[in-house]
Amino acid sequence: MTQELFDAMRQSVIDGDATAAGKLAEQALAEGIDPLVAIDEAFVPGIRHVGEQFRCGDLFLPDMMLAARAMQTAIAVLEPEMIARASQRKIAGRVVIGTVQGDIHEIGKNLVGMMLTANGFEVHDLGVDVSPEQFVEKAKEVGADLIGVSALLTTTMTGQRTVVEALATAGLRPGVKVMVGGAPVTKAWADEIGADGYGEDAVGAVGIAQALVGAGA
Amino acid sequence: MTMRYQATFLSEADRDRVHEQSLRILDEIGVRFHGERALPLLEAAGARVDRETGIARIPRSLVESALASAPTSVVLGARDPRHDYPLPSPVTRYGLDGTAAFARDFETGERRYGTRRDVELGCRVFGAADMGVLAWPPVAASDMPSASRPLHEFATMLRACAKHGQHELHTRAQAPFLAEVLRVVFGGEAAVRERHPASVVYCPVAPLTHDGPMLDAYLDLGDLDLPVMLMPMPIAGSTGPAGLFANVSLANAEALSSIVVFQLAHPGRPTIYSSCVASMDFRTGGFLGGTPEAGIQSAVLTTMGHSYGLPTTSSGCASDAHDVGAEAIIDKLMTMLPPLSAGSSIVVGFGEIDGDQTLVLEQILVDNELAHLCERLFDGMATGPDAGLFDEIVAAGPSGDFLVSETTRRAARSGEFYLPGLLGRLSREAWLGSGSPSMYDRARDRVREIIEAPPADPLPEATAIELDRVLAEADQELGARSAEATARSPAVAMT
């Protein structure tokens, strides 16, 4: 029965079926399964499979997004029990992500956030129009390993520099890494402002993030 | 009498369905308005406004009133009146693509951030492109202060090109300076109001969101009767639904919501229906604008604009290719032909590749050539009573020829047989002998001629000096405000 349940949990992530993933997570708890075991032995293999299929071109980005959402749904169900047991999920890294102050474009940032989640990162999304101090505060609050700063406009991308500076002023650099992205952003710009990485697209951003926090692909 | 190519992208019934779905979106889901001016206007007019979320649900009646008060035509004036261009127009002409982040350096070939000089050069080359009627700063001038950058870009365009100019603003504080720039360049407020020599382009943030600072700035500029080109940009699959019909319905809803606000604030203000819709790359999540799907959506939205009786322009001539060449030209034709066949008055897209992110000067002239070729294609052939040339065939008879004929001589100049400006029609030996130039090589030679010649349409010296004064004032005041805002930020204050 447990193996069948594990298979179903894994498959719910592969199918991108958040409703099923949530219900199966509840069932796992009802059956007394350790939530960490449910994550590591059922849901993580599911998302890993999706990632492999995505990398070899058999699945598309929406498949990955739906799988990530299913995974998030399951984890949200399992999380209270994990807290109760004082157990912690193994994560690739803790990321705070947001769009710079004065910019309300968020699709690129959302894509990166979902892709990072799908690849085992714990993502704290601050949304759009985020001030440097909000980045700093959240980084301190959650103990971030990495900050992802998005900007779509040439006039707002300078805000990425401000975030890097604010983190430095707060004494969080170079421990907390910074990754930047957005249509007008380049590797050269990332280097100029002292960021640690530049993600050209959501897929590329995952590899950069993994490299920056020392997590394996 | 001619046989002209036409295409129908949307039946009348489907047009009604797009419209009805857009009305449902506006009424049932609503649109989020940031900024200060729009929500009070909408609320006073009967929209259901939730001040907490900033979402206004807009009833059908407001849309209908707005469509009734929006002008059905406008002449886009130009600094040189010979370039005035009427909307709607019986022919299709073209606009320079705008606000790329990068330029390909003409001398080094390096892709780098754009500068004010790139804006100037792009607009000068565009000025020489005879199919172009609508200038737009093609690249962001990253060497200008960010607080006043759009003003520098706007002014540089108006200096460098005597055709109609459009651009965008990013903050409300920039609006009075733009008004002053326009007064200086065009000789006073009356000229700006009456001749409409410049306009602003407005892009809602998909899905269903209006940017506050830009919207407020444009509403402020309504007192100058400055035309607004509405350019919704949902990306099917990411910021828009992953279906072309649904995505155009969303784009149309965004356009209609914009028309409602602009007409509520200034009834009768020229609002130009346009779009720049795209789709998501399903592998990377990236923006794809140079696709058949973008072309179809552009044509459908052109049809919607026409159905509302609004002056209508379109996006097109777009490419996602990272370099010039065959891929760029395929993309551009693929996105130029549909809005052209839908009868768009202006297709905006000259000069850029790389998903509208890189300006290439040679591409402006290559696109101009594509525009000529497309126009020739769409003009079809004469079919009048004399078109059969029966007497000519009689005269030549079997085994004769048509070389020594007045008709043939006239035909060489008639326009029925297009004589290309950039396509090579040399014999093979002659082509090899001249260094095997490509279309881009010929464009490059022409660009060099243009940019090495004195500017074709300079501003009078006194006007240029006055313009510099306004810009310096803007730098000082907007820069100071920006510094104040930064200083108020606690995190930065810690420094």
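Modeller: Chain A holds 9 helices and 5 strands, where helices (H or I, at least four residues) and strands (E, at least two) are DSSP runs, numbered from the N terminus. Along the sequence their pattern is α-α-α-α-β-α-β-α-β-α-β-α-β-α. The radius of gyration of chain A, taken over C-alpha atoms, is 18 Å, close to the 17 Å that the globule rule (2.2 Å times the number of residues to the power 0.38) gives for 217 residues, so chain A is as compact as a globular protein of that length. The C-alpha trace of chain A spans about 55 × 40 × 30 Å along its principal axes.

The model is predicted: local features need pLDDT of at least 70 and side-chain atom pairs count only at pLDDT 80 or more, while totals for chains, interfaces and linings use all residues. Residues are numbered from 1 along each chain as its sequence is written, and chains are lettered from A and ligands numbered from 1 in the order in which they are written.

Turning to the partner chain, 23 residues of chain A are in contact (C-beta atoms, placed from the backbone, within 7 Å) with 24 residues of chain B. On the side of chain A that touches chain B, at least two residues each come from helix 4 (61-84), helix 5 (107-118), helix 6 (132-142), helix 7 (158-169) and helix 9 (202-213). Helix 7 of chain A gives the largest share, 5 residues.

Key:
Two residues are in contact if their C-beta atoms, placed from the backbone, lie within 7 Å.
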